[in-house]
Amino acid sequence: MSNNLLKGKRGIIFGALNEQSIAWKVAEKAHEQGATFVLTNAPIAMRMGEINDLAEKTGSKVIPADATSVEDLETLISGAMEELGGPLDFILHSIGMSVNVRKGRHYTDENYDFTMKGLDVSALSFHKVMQTAMKLDAMNEWGSILALSYIAAQRVFPDYNDMADNKAYLESIARSFGYHYGEKKKVRVNTISQSPTMTTAGSGVKGFNEFISFSEKMSPLGNADGDACADYCVAMFSDLTKYVTMQNLYHDGGFSNTGVTQEVIEKFS
Ligand SMILES: NC(=O)c1ccc[n+]([C@@H]2O[C@H](COP(=O)([O-])OP(=O)(O)OC[C@H]3O[C@@H](n4cnc5c(N)ncnc54)[C@H](O)[C@@H]3O)[C@@H](O)[C@H]2O)c1
């Protein structure tokens with residue numbers, strides 16, 4: 001159902017790899033709500049070509065960019081403004097990757113080259129996107145920029161490994177850049193801290209299936225799924241949330257404020 005919440009708004013959506021991707025669902029819903037946007041992903045992630053189906057479905061152009069390359073980001077952001085016919089109203093950063101997780105390195109045995117790569121891809125890229133957008137004066141006033149985070153930034157989830165540190169840095173960038181972008185151009189910057197969700201990035205975490213069930217039982221509303229996350233992103237891109245900025249917004253069915261649930265207690269009785 002469309003309320004045309006994003007009618008006339010232009011944006012860039014990073015990170016749609018396949019139908020499971022949160023970014024994929026955001027693209028579908030933003031399109032439904034009247035937005036126009038450019039889709040982007042790392043050139044290597046496009047080998048499967050799935051993003052072209054999404055582009056066709058949403059009438060979008062695809063411009064590849066490695067989010068760690070400022071040069072790629074300049075080409076992407078200026079290309080998007082040209083393609084869409086003016087400055088942007090929203091950006092979704094839906095990017096995460098840890099080489100230590102991929103290679104099975106324990107948190108206490110990190111390979112620091114892997115650590116730096118993961119930090120660059122998962123967190124610093126958010127700064128690079130915003131710094132490039134600011135330098136190109138690519139955002140309209142009251143524009144909205146979002147990145148996706150996870151509660152391991154605040155609390156320990158051992159198998160989340162160095163992604164926990166990456167998410168803490170990501171959330172800090174949202175606050176710090178959000179201050180400057182707000183002052184300079186009334187652009188708002190937030191992170192959404194999402195429930196565990198079955199996607200390519202999510203399922204790379206060890207014990208993810210057990211973990212998703214635990215989280216489900218620890219959340220009064222149950223886990224928020226990717227579609228619900230996409231709805232929240234649309235709301236955050238709309239004019240109905242104009243004064244929300246520099247926040248880490250939990251979208252987790254109540255998990256973050258729950259000490260224990262009856263269902264979990266009963267498992268031990
Ligand atoms: N799935 C979960 O449980 C969960 C929970 C909370 C937060 N998140 C976050 O949501 C975001 C999206 O992840 P997802 O779960 O949809 O998984 P996903 O694997 O579908 O998306 C991750 C994306 O990052 C892209 N990417 C990796 N390196 C890149 C680079 N150098 N340049 C540009 N793009 C690059 C990948 O190609 C992929 O499209 C991530 O930030 C993730 O940490 C996921």
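The tour goes from the sheet to its helices, then to the cores, the ligand and some single residues.

This is a predicted model, in which local features need pLDDT of at least 70 and side-chain atom pairs count only at pLDDT 80 or more, while totals for chains, interfaces and linings use all residues. Residues are numbered from 1 along each chain as its sequence is written.

**The sheet**

Select the strands. Helices (H or I, at least four residues) and strands (E, at least two) are DSSP runs, numbered from the N terminus. Seven strands form an open sheet with parallel pairing, in the order β3-β2-β1-β4-β5-β6-β7. Two strands pair if DSSP finds at least two bridges between them. Next, select β5 (residues 139–149) and β6 (residues 188–194): six bridges join these parallel strands. L148 has I192 in β6 as its bridge partner.

**Helices on the sheet**

Select helix α3 (residues 70–84). Helix α3 lies across β1 (10–14), β2 (36–40), β3 and β4 (88–93), and runs at about 150 degrees to β2. Then take helix α5 (residues 112–135), which lies across β4, β5 and β6 at about 165 degrees to β4. Axes here are lines fitted to C-alpha atoms, for helices over the stretch in contact, and angles run from 0 to 180 degrees between N-to-C directions. Two residues are in contact if their C-beta atoms, placed from the backbone, lie within 7 Å.

**Cores and helix α1**

A nonpolar core is a set of buried Ala, Val, Leu, Ile, Met, Phe, Trp, Tyr and Cys residues joined through C-beta atoms within 7 Å. A residue is buried if 20 or more other C-beta atoms lie within 10 Å of its own, exposed if 12 or fewer, and partly exposed in between, with C-beta atoms placed from the backbone. Which members of the 60-residue largest nonpolar core touch the most other members? They are I13, A27 and C233. Not counting residues up to four places away in sequence, I13 touches A23, V26, A27, F37, L39 and L92. Another core, of ten residues, lies apart from the largest one and includes V101, Y150, Y160 and F255.

Now select helix α1 (residues 22–32): eight of its eleven residues are buried, so the helix is largely enclosed by the rest of the structure. Among the buried ones are W24, K25 and K29. Just after α1, G34 takes a positive phi of about 95 degrees.

**The ligand shell**

Select the 27 residues around the ligand; S21, G96, T199, A201 and G202 come nearest. A residue is near a molecule if its C-beta atom, placed from the backbone, lies within 6 Å of it. α1, β5 and α7 (200–203) each supply at least two shell residues, and α7 gives the largest share, three residues.

**Single residues**

Select A235, in helix α9 (residues 226–237). A235 counts as partly exposed because it has 16 C-beta neighbours inside 10 Å. Leaving aside neighbours within four places in sequence, A235 is in contact with L240 and T241.

Next is N4, in the segment before β1, whose phi is near 55 degrees, a positive value in a residue other than glycine. N4 is exposed, with 11 other C-beta atoms within 10 Å.

Finish at M246, in the loop between α9 and β7. M246 is not a glycine, yet has a positive phi of about 65 degrees, and is partly exposed, with 17 other C-beta atoms within 10 Å.
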